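Please have the structure open as you read.

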Amino acid sequence: MLISAEHLSINFGMRQILDDVSFYLNPGDRVGIIGINGTGKSTFLKALAGIWQYGEGTIRVPERKMLFLPQESYLPLGTLRTALCYPEAASLFDDAACARVLTLCGLRQYIEHLDDDDITWSRKMSPGEKQRLAFAKSLLLRPDYLFLDEATSALDNAMEQHLYSCLLDELPETTIVSVAHRLTIDKYHDHVLII
């Protein structure tokens, strides 16, 4: 099953960021969308998610497991395991699976705190740690479609490279669409769209 758009036009404020564009994403495609701040890259992802209604055209999205990772991930109240597994139920994932993805994403120091419920994780973790936790979530939940919106903006190039390599190795069948303002992500994608 693929994502497709026909005659898609998207408005962002008073300007049009896409005009009569048609495309499709095959399973396993990797697409990078690069552009400077304010060009409407995130708006494009919102349109794919069905939460941006300012435009015209048709978007078809299959009934598959999708995960959207914003620049700053939402961390629900509760344990770190709850945040790692969200929006799935934490009971679906055992200690070994959680520890594995935390280790892969450079968060090994938090394994022993998976079930601590007296910590406000959104305040405890740095922006970079939150972004690494979002990548760990992706590896754990294994979505069919993964959309990353500036998901490495708080990370250095070495960590960005490591996390993208993990995604490509661990999720070879997942379709990945990444939005960024840095050109460094282009090497992890088969196709790059510059807005």
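**Sheet, helix and a buried serine**

Five strands form an open sheet in the order E5-E6-E7-E3-E8, with parallel pairing. This is a predicted model: local features need pLDDT of at least 70, side-chain atom pairs count only at pLDDT 80 or more, and totals for chains, interfaces and linings use all residues. Residues are numbered from 1 along each chain as its sequence is written, and side-chain values use heavy atoms, with hydrogens and water left out.

**The sheet**

- At the edges sit strand E5 (66–69) and strand E8 (191–194), each of which pairs on one side only; strands pair if DSSP finds at least two bridges between them.
- From one strand to the next, the twist averages 10°.
- Strand E3 (residues 30–34) pairs with E8 in the parallel sense over four bridges, and isoleucine 34 has isoleucine 194 in E8 as its bridge partner.
- Helix H5 lies across E5 and E6, running at about 175° to E5; axes are lines fitted to C-alpha atoms, for helices over the stretch in contact, and angles run from 0 to 180 degrees between N-to-C directions.
- Helices (H or I, at least four residues) and strands (E, at least two) are DSSP runs, numbered from the N terminus.

**Helix H6**

- H6 (residues 157–170) has 14 residues and spans 20 Å from its first C-alpha to its last, close to the 20 Å expected at 1.5 Å a residue; the expected span is 1.5 Å times one less than the number of residues.
- Glu160, Leu163, Tyr164, Cys166, Leu167 and Glu170 of H6 are buried (under 20% relative accessible area, with exposed meaning over 50% and partly exposed in between; 1.4 Å probe, protein chains only).
- These residues lie on the same side of H6 because they cover an arc of only 150° around the axis, taken from the directions from the helix axis to the C-beta atoms.
- On the face turned away from that buried side, H6 carries the exposed residues Ala158 and Asp169.
- The buried residues of H6 pack against helix H3 (95–104), helix H5 (127–141), strand E6 (145–149) and strand E7 (175–180), where contact means heavy atoms within 4.5 Å.
- Aspartate 156 caps the N-terminal end of H6, with a side-chain oxygen 3.2 Å from the backbone nitrogen of alanine 158.

**Serine 178**

- Serine 178 belongs to strand E7 and counts as buried because its relative accessibility is 0%.
- Its side chain makes a polar contact with the side chain of tyrosine 164 (2.7 Å). A polar contact is a pair of N or O atoms within 3.5 Å; within protein, one must be able to donate a hydrogen and the other to accept it, and residues adjacent in sequence count only if both atoms are side-chain atoms.
- Leaving aside neighbours within four places in sequence, serine 178 touches residues including Val31, Leu148, Tyr164 and His189.
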